[in-house]
Amino acid sequence: MPRFHVPAEDAQGPLVVAIDIGSGGTRAAVYDISGREVGALHHKESHEFTVDDDGTSTIDADQIVEEIRAALTAVLAAAPLPGQVRAIGVDTFASSLVAVDAAGEALTPCITYADTRCHAQVDRLAASLDVDELHERTGARLHSSYTAPRLAWLRETRPEVFARTERFMALGEYVASKLLGTPALGTASAAWSGMIDRRTGQYVPELLEAVGVDVSAMGPALDPSDALPVDGTPLAAEFPQLEDAVWVPVIGDGLAANLGIGALGEGTWGISTATSGAIRQLLSTEIPSLPSGLWAYRVDQQRTLVGSAMSDCGRVLDWCRHELAMPSDVATTDTTALFSAPVSAGTPLVVPFFSGERGTKWRGSSRALFANIGASTTWEDMLRGAMEGVALSFLRIADQMREAGGEPERIVLSGGMTGVIPGWLHLLSDALGMPLDHVAISRSTMRGAAVLALEQAAPGARVAEAPVLTHVEPVAAHQDYYRERLERFEELADLA
């Protein structure tokens, strides 16, 4: 996918730097006031998580700090000059945890969102707390991806580390403490911990008590407007080009993805179609009762990110490519014709929970099911059924999104899976009953961090709209088919 950029000689200030810490690497880039990358001022340092069969998924937090230094060195080496960069935006993979001692040094690696070693603690906490009431207050489910079960796991399995911990930090908060000398935890990142009240931004006392942690060990949630001046910090001494900038407290990659593809207002849904998938919407209105399948993460005093996610989106395509005797190069298959063909009752019905169910019922032990398969079923039929199953997974989330925030005015979408088989958008548009705009943004999460930084550097500035690669309109006659399929999907999912 092409980068959304402006030649360096045409860039207009103020400039911002965006830092994106993802599962595959740390990136940095310079953006101008339009929200477009400046020339070739971007750089990536690759990394991998350390994983093990026991559920471990970690990465060295100090390694990330060094990767940021290397990326900043690369993008600031030639330009811009001091005074041009006015803000630094940072996003990380969400739901991370680093135990830090009184000297500010990491006692543990960064525990990532994918670490599942705290499954037993999830069950014990769920047995002692009102999980539905907690979901309503925090906007999050009790799940191994969130912080409370991990704190309980640390206390029970690493008591010596737990006892020495002065502060439990998210990765972005730890990065700020190392680069600025001051930890800075963004409200959006704190909300991804699943431990703050979505209405007040304060930590939930019952959760802290349940895991044996004092509120003083948790960083205060800072809104984007609580940006920290870089001047006088170790970062300014190392990079004088940044001395007139402010550091915007870290946000999670989900919020960054929405901002990056242009899902900025209340009337717009942002859809991601990568290995996993999600629908998200920024709301500034109160959500009196949060639908059970959604999460709601506070962003600041006005905005909340509402949505839900599925573990298997692009992963479904990968499974089909490897297991259904498909051509090795899916590009040689006319998927546009396959996915735009008329609907058929003979298409296999697929519940694509290869990695368990997240939204909407959060049944982690669920697995994929295939039905309506006969002797004449082809791999094309199976592929179509599997991708219809992904579309139905989005539809069941969309129904609860409408309940929370009403009908969207626009849906924008990005993601690597759709880039591989763009014809699949016909299925998704038909299932949702809405037009879709597939936008052309490379590294949408990094651009989202830049867009948030521009809120501080240039209040009121309008960023350029992401270019639309493909616009797809739904076929109205297909919607009854998907509604009937969804009923059968839910019945089958209950067996999964």
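The model is predicted, so local features need pLDDT of at least 70 and side-chain atom pairs count only at pLDDT 80 or more, while totals for chains, interfaces and linings use all residues. Residues are numbered from 1 along each chain as its sequence is written, and side-chain values use heavy atoms, leaving out hydrogens and water.

The structure has 13 aromatic pairs (rings of Phe, Tyr and Trp, the last by its six-membered ring, with centres within 6.5 Å; planes under 30 degrees apart are stacked, over 60 edge-to-face, the rest tilted). One of them joins F394 and W424, a tilted pair with 6.2 Å between centres and 55° between planes. F394 belongs to helix α13 (residues 379–405) and W424 to the loop between α14 (416–420) and α15 (425–432), so the pair ties together parts 30 residues apart in sequence. Helices here are DSSP runs of H or I with at least four residues, strands are runs of E with at least two, and both are numbered from the N terminus. F394 is buried at 0% relative accessibility (buried is under 20% relative accessible area, exposed over 50%, partly exposed in between, with a 1.4 Å probe and protein chains only).

There are also 30 salt bridges (a side-chain nitrogen of Lys or Arg within 4 Å of a carboxyl oxygen of Asp or Glu). E136 meets R198 in one, at 2.5 Å from N to O. R198 sits in the loop between α7 (187–191) and α8 (205–211), E136 in helix α3 (residues 131–138), 62 residues apart. Both are buried. E136 also forms a salt bridge with R199, at 2.8 Å; R199 is partly exposed at 36%.
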